[in-house]
Amino acid sequence: MSDQEAEAKSTEEALSVEDFIGWVEDTMADVESVDRSANMHWCAQWWAHPEAIKRLKALYVEWLERQAEGGMSSWWIDHFDRHASVLFAKNGPFGECGVSHVEKGMRRTLECQQPPTGWTW
Ligand SMILES: [Zn+2]
């Protein structure tokens, strides 16, 4: 294992799942720039979607690095926007979820429910 790989592994081990859950909730609460008519698919039980967990975790790790080292503009453009185009798309991880969390006609918001006790990433 290279030093870089070892450093990345120790960084991941230091991450707290509770902090990650809070970050997802806070970040999704701020999302406004998604096309809600054509490209807005989300699931309050986001933690039940393996691809979404991996994408959100990758975004979180990158976000932590950008918070420490700067470069948040790049985080939005090069990371969030790229993942968002898949995460919220009809053919993305939430598009075929089949879970109806909002009543027809209501503004769809990015609600986050707490994962079950013992849920881990
Ligand atoms: Zn779902």
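E62 and R66 are both buried. In this predicted model, the two side chains meet in a salt bridge, with an N to O distance of 2.7 Å. Both residues belong to helix α3. They sit four residues apart there, so about one helical turn separates them.

A search of the whole structure finds two salt bridges. The pair E62 and R66 forms one of them. E51 and R55 form another, again at 2.7 Å from N to O. This pair also lies in helix α3. Because E51 and R55 are four residues apart in the helix, their separation is about one helical turn.

E51 is partly exposed, with a relative accessible area of 38%. R55 is partly exposed as well, at 21% relative accessibility. The cut-off for a buried residue is under 20%, so R55 does not count as buried. E62 and R66, in contrast, are buried.

H49 was considered next. This residue lies in the loop between α2 and α3. Helix α2 spans residues 17-30, and helix α3 spans residues 50-69. The relative accessible area of H49 is 12%. That value falls under the 20% cut-off, so H49 is classed as buried. Residues up to four places away in sequence were left out of its contact list. With that exclusion, H49 touches C43, P93, F94 and C97.

How values were computed:
Residues numbered from 1 in each chain as written. Predicted model: local features only at pLDDT ≥ 70, side-chain atom pairs only at ≥ 80, totals over all residues. Heavy atoms only, no water. Helix = DSSP H or I, 4+ residues; strand = E, 2+ residues; numbered from the N terminus. Buried < 20%, exposed > 50% of the residue type's maximum accessible area, 1.4 Å probe, protein only. Contact = heavy atoms within 4.5 Å. Salt bridge = Lys/Arg side-chain N within 4 Å of Asp/Glu carboxyl O.
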